[in-house]
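Good morning, and thank you for making time for this item. Please look at the structure as it comes up, and I shall then take you through selected contacts.

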Amino acid sequence: MAEFTDALFSIFFVETLINGLLLGGVLALLSLGLNLVFGVVDVVWICYAEIIMLGMYTIYFLHVDAGIPVIIAAGCGIAVTTILGLLVHRIVIHYLLDAAPINQLLATGGLLFFLQGSAMVAFGIEFRNLGVSLGSLIVSEDIYLSWTRILCFVLAAGSVGVLYVFLSRSYLGAAIRAISQDREIMPLMGVDTKKLYLLTSAIGGALAGLAAALLALQYDVHPFIGLSFGPITFMICVMGGLGNMVGGFLAAFIFSELITIGGYFADLEWGYVLAFVVFIATMFVRPEGLFARKS
Amino acid sequence: MNNNIVIAAIGAILLSLPFVGVDSYPLHLIIVILIWSFAYTGWSIMGRFGLVSLGHGAFMAIGGYVTALLWNNVGLTPWIGIPIAMALSGVVAVIIGYPCFRFRIVGHYFALVTLALSEVVRQVIIATRDTTGGSLGYTPERHGEGWSILAIQSDDRVAFYYIALAVWAVGIVIWKAVDRSMARYALEAIWEDEDASAAVGVRVTHEKLKVTVLSAVMTAFAGAMYCQYQMFISPDTIGGVGISLQIVFAVVVGGIYNALGPTVGAVITLLLAEVLRIGIGTENICITDKICLNAAGVPLLIYGVMLVMFIIFLPKGIVGGVLDRWRGPAQTGPSKQP
């Protein structure tokens with residue numbers, strides 16, 4: 001017990017909490033686009049993490065092979081994922097808009113295999129590292145904080161803010177919110193739902209690209225990287241209430257703190273187990289998500 | 001009458017396969033297909049009622065790992081180990097299923113909760129790597145040479161072929177039994193309208209739980225069989241999200257509303273992967289010095305395209321689609337799609 005309290009008040013525990021907060025930024029950014037697409041188009045893109053993976057490859061090849069500066073490469077990466085987002089909607093989801101939700105989910109699961117297979121065929125299975133590091137912020141002798149993660153945190157918070165303002169203040173945003181409330185009435189009001197769906201998918205893709213840019217700075221790219229953070233991204237969205245941007249943002253931090261605290265007291269895997277078990281338990285208590293408004 | 005002759009003929013062909021000079025390799029393929037078919041059949045027992053679980057990788061892993069761990073560490077024979085593993089996976093199914101059904105978690109919410117379950121089991125296996133071997137996999141200890149009835153191990157493919165065949169046949173019989181039972185009507189009613197069926201006296205939670213536990217136990221058994229046959233298991237070959245998705249997709253391709261659908265799905269997907277692996281190989285194909293293509297990814301790529309096409313154009317799967325052509329629509333399965 002004494003060991004436990006010692007561990008609890010140690011400086012490393014504070015570092016763990018801060019790192020959890022920063023990991024939360026990464027997860028929040030990851031789940032943002034998925035959440036938006038779900039809220040508006042009402043389709044879960046199981047292949048979302050694979051779109052991010054392709055964005056990471058784009059950045060890697062443009063920077064390492066073509067020698068283009070990272071910032072411009074990241075911009076191109078975002079452009080590529082935006083187009084991918086459009087294609088996913090136009091080629092697959094468009095034909096399944098009236099199908100059962102599970103069929104839509106399975107179709108994007110097929111895309112997951114397709115994108116993974118394509119990446120494997122085109123790029124092989126090597127782990128590729130961008131080789132760019134932003135260094136660390138040295139807070140004290142014991143505490144180092146990665147600048148990339150701080151940037152992630154700031155960008156995630158910023159994106160949520162921008163998206164929130166866009167959805168609540170702009171004309172297009174109002175249309176998007178309206179369509180997520182009633183998708184049968186909106187077409188009767190003269191709104192072109194197809195265009196709105198495409199626009200949302202493009203924004204979702206662009207957010208995937210933004211996440212890709214920040215992940216490429218921290219992790220090696222390989223065709224199966226999507227599987228390592230894909231499932232957790234869905235769970236965050238569901239826990240926050242699918243389609244609820246702010247809820248997803250907060251849920252990301254709950255997840256990241258659980259993972260890092262679990263990792264602090266035991267192995268990182270147990271951190272994940274803890275987070276997933278809490279997720280399952282939350283679903284039983286609040287099936288609509290932690291932050292869903294009571295209807 | 002006609003049907004009985006067909007069944008008898010197919011049965012005779014299957015039983016005589018090892019005697020008509022089928023090589024070791026095709027026999028191996030058939031055994032693997034039979035074991036997976038059993039797992040897929042187990043999934044479709046609940047999947048056909050709209051209970052789409054992405055957590056069956058977890059049940060399969062429990063089946064394989066519990067059996068192998070008990071054998072290696074406690075020396076408990078799989079004859080007892082497999083029932084324990086099946087019971088355990090039944091308990092896990094209740095722990096997840098009961099609250100889900102009680103609190104009306106349906107559709108893709110149910111799919112995502114069960115997805116979390118696959119990940120929990122996979123991460124537990126990796127976290128306890130000192131006992132389970134983690135991602136590197138796990139091997140049950142060999143018990144002597146050749147046949148061991150005590151350990152249910154065998155070098156002899158023919159013997160295992162008959163075991164797998166029997167297991168597969170039992171799977172089909174269970175599927176048919178559920179198809180003919182009252183539970184089927186209850187579950188179809190629940191799927192159409194949960195509130196209405198509860199109002200007329202269908203015990204919603206009870207019925208759903210029954211079919212879920214049956215399905216989980218069958219899948220765990222398939223996991224144990226896979227482990228006994230391959231003598232190697234790892235979180236990626238019998239557990240996790242990958243396997244859970246593989247199970248769902250094979251059934252969707254084959255046909256979800258027919259007894260033989262999951263089997264047809266297993267034959268098509270596993271043969272396709274094997275043919276592509278042999279045909280294209282896993283070597284790099286270099287077009288120029290710089291651009292090399294890795295052929296190992298081709299099966300995955302084709303698999304993905306196939307699934308998307310199936311879900312858009314043939315949501316009832318191959319068997320369902322063919323039967324519709326033959327007998328006219330509305331004969332196979334309810335109007336609703338999974």
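This is a predicted model: local features need pLDDT of at least 70, side-chain atom pairs count only at pLDDT 80 or more; totals for chains, interfaces and linings use all residues.

Residues are numbered from 1 along each chain as its sequence is written, chains are lettered from A and ligands numbered from 1 in the order in which they are written, and side-chain values use heavy atoms, with hydrogens and water left out.

The interface comes first. The size of an interface is often given as the accessible area lost when the parts come together. Here chain B and chain A bury about 4000 Å² between them, with 82% of it on carbon and sulfur atoms; buried area is the accessible area, with a 1.4 Å probe, that two parts lose on being put together, summed over both. On the chain B side, B:His108, B:Tyr109 and B:Leu112 lose the most area to chain A, together 15% of what that side buries. Chain B contributes 49 residues to the contact and chain A 45 residues, where contact means heavy atoms within 4.5 Å.

Next, the salt bridges, each a side-chain nitrogen of Lys or Arg within 4 Å of a carboxyl oxygen of Asp or Glu. Over all chains the count is twelve, and between chain B and chain A it is one. A:Glu269 and B:Arg129 form a salt bridge through their side chains, at 2.8 Å from N to O. Another joins B:Arg104 to B:Glu194 at 2.7 Å, N to O. That pair links distant parts of the chain, 90 residues apart: B:Arg104 lies in the loop between helix H4 (78–102) and helix H5 (107–127) of chain B, and B:Glu194 in helix H9 (residues 194–199) of chain B. Helices are DSSP runs of H or I with at least four residues, numbered from the N terminus.

Finally, the helix pairs. In chain A, H3 (residues 48–65) and H9 (residues 193–218) pack at about 55°, with axes 8 Å apart. Axes are lines fitted to C-alpha atoms over the stretch in contact, and angles run from 0 to 180 degrees between N-to-C directions. H3(A) and H9(A) are therefore oblique to each other: angles under 35 degrees count as roughly parallel, over 145 as roughly antiparallel, 65 to 115 as roughly perpendicular and the rest as oblique.

In chain B, H2 (residues 24–47) and H12 (residues 240–254) pack at about 80°, with axes 9 Å apart, and are therefore roughly perpendicular.

Methods:
Helices (H or I, at least four residues) and strands (E, at least two) are DSSP runs, numbered from the N terminus.
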